[in-house]
Amino acid sequence: MALRLGDLAPDFTADTTHGSIEFYTWKGDSWAVLFSHPRDFTPVCTTELGTVAGLKAAFEQRNTKVIGLSVDPLDAHQRWESDIQDVTGNIVNFPMIADPDRTVAMLYDMIHPNVSETATVRSVFIIGPDHKVKLTLTYPASTGRNFQEVLRVLDSLQLTAQYAVATPANWQDGDDVIVLPSVSDDEARTRFPKGFAKHKPYLRVTPQPNK
Ligand code: BEZ
């Protein structure tokens, strides 16, 4: 069954380019991004993995560990890494799960048989410190993902986990945020001392509280 927001992300043990990993132990109480790609030695995937490798510092700033997956074997992952470095200039600095028997792919519903019986789609799971699923994305093989969007969502998830706010369309870290409708005006004055603008009774905007 598909994983839904709020579900516990399944734990697993898998062979990876960084050795055998027991997911919960590896993740600890960090945030995690688990993402799949369809096949090794393919062009879009090459650009994606190099891009993620180049964002190492950005993920670390967000206390987030990254782990990739495809159903290709470990030796293919290892051979492909040098191509990724050649093309993108980035050394792959996160583990890639080799899942040839599809154990993890099935646990996370990463194979969509009406597209391919064998290859994983481009899934992204953001998993919180509590091991619960906070975001899912599913892209087809033909469309490379925007990993700036993954970072943007992490910023929103981490902010909204801490404050009674939500983030509006196209929000970027540092922009104004929305006071949750469940917070009364009186409470909002206490919680958000910088004040808020009331555009509608249900739409109140305040400066980002942790800036
Ligand atoms: C790619 O990464 O370029 C790709 C992978 C599988 C199917 C199509 C494209």
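User: Why is Asp-109 called partly exposed?

Analyst: Asp-109 has a relative accessibility of 30%. Buried means under 20% relative accessible area, exposed over 50%, and partly exposed in between (1.4 Å probe, protein chains only); therefore Asp-109 counts as partly exposed. This is a predicted model, in which local features need pLDDT of at least 70 and side-chain atom pairs count only at pLDDT 80 or more, while totals for chains, interfaces and linings use all residues. Residues are numbered from 1 along each chain as its sequence is written, and side-chain values use heavy atoms, with hydrogens and water left out.

User: Where is Asp-109 found, and what is its phi?

Analyst: Asp-109 is in the loop between helix 5 (103-107) and strand 6. Helices (H or I, at least four residues) and strands (E, at least two) are DSSP runs, numbered from the N terminus. Phi of Asp-109 is near 55°, a positive value in a residue other than glycine. Asn-63, in the loop between helix 3 and strand 4, has a phi near 50°, also positive. With a relative accessible area of 43%, Asn-63 is partly exposed.

User: Why does Thr-46 count as buried?

Analyst: Thr-46 lies in helix 2. Its relative accessibility is 10%, so Thr-46 counts as buried.

User: What makes the pairing of Thr-46 and Trp-80 a polar contact?

Analyst: A polar contact is a pair of N or O atoms within 3.5 Å; within protein, one must be able to donate a hydrogen and the other to accept it, and residues adjacent in sequence count only if both atoms are side-chain atoms. The side chains of Thr-46 and Trp-80 are joined at 3.0 Å. A polar atom of the Thr-46 side chain also lies 2.7 Å from the backbone oxygen of Thr-42.

User: How do you know that the span of helix 6 is close to the expected one?

Analyst: The expected span is 1.5 Å times one less than the number of residues. Helix 6 (residues 147-162) has 16 residues, and its span of 23 Å from first to last C-alpha is close to the expected 22 Å.

User: What makes a group of residues a nonpolar core?

Analyst: Such a core is a set of buried Ala, Val, Leu, Ile, Met, Phe, Trp, Tyr and Cys residues joined through side-chain atoms within 4.5 Å. The largest has 25 residues, and those with the most contacts inside it are Val-33, Phe-35, Phe-59, Phe-94 and Ile-126. Helix 6 gives the most to this core, with six residues.
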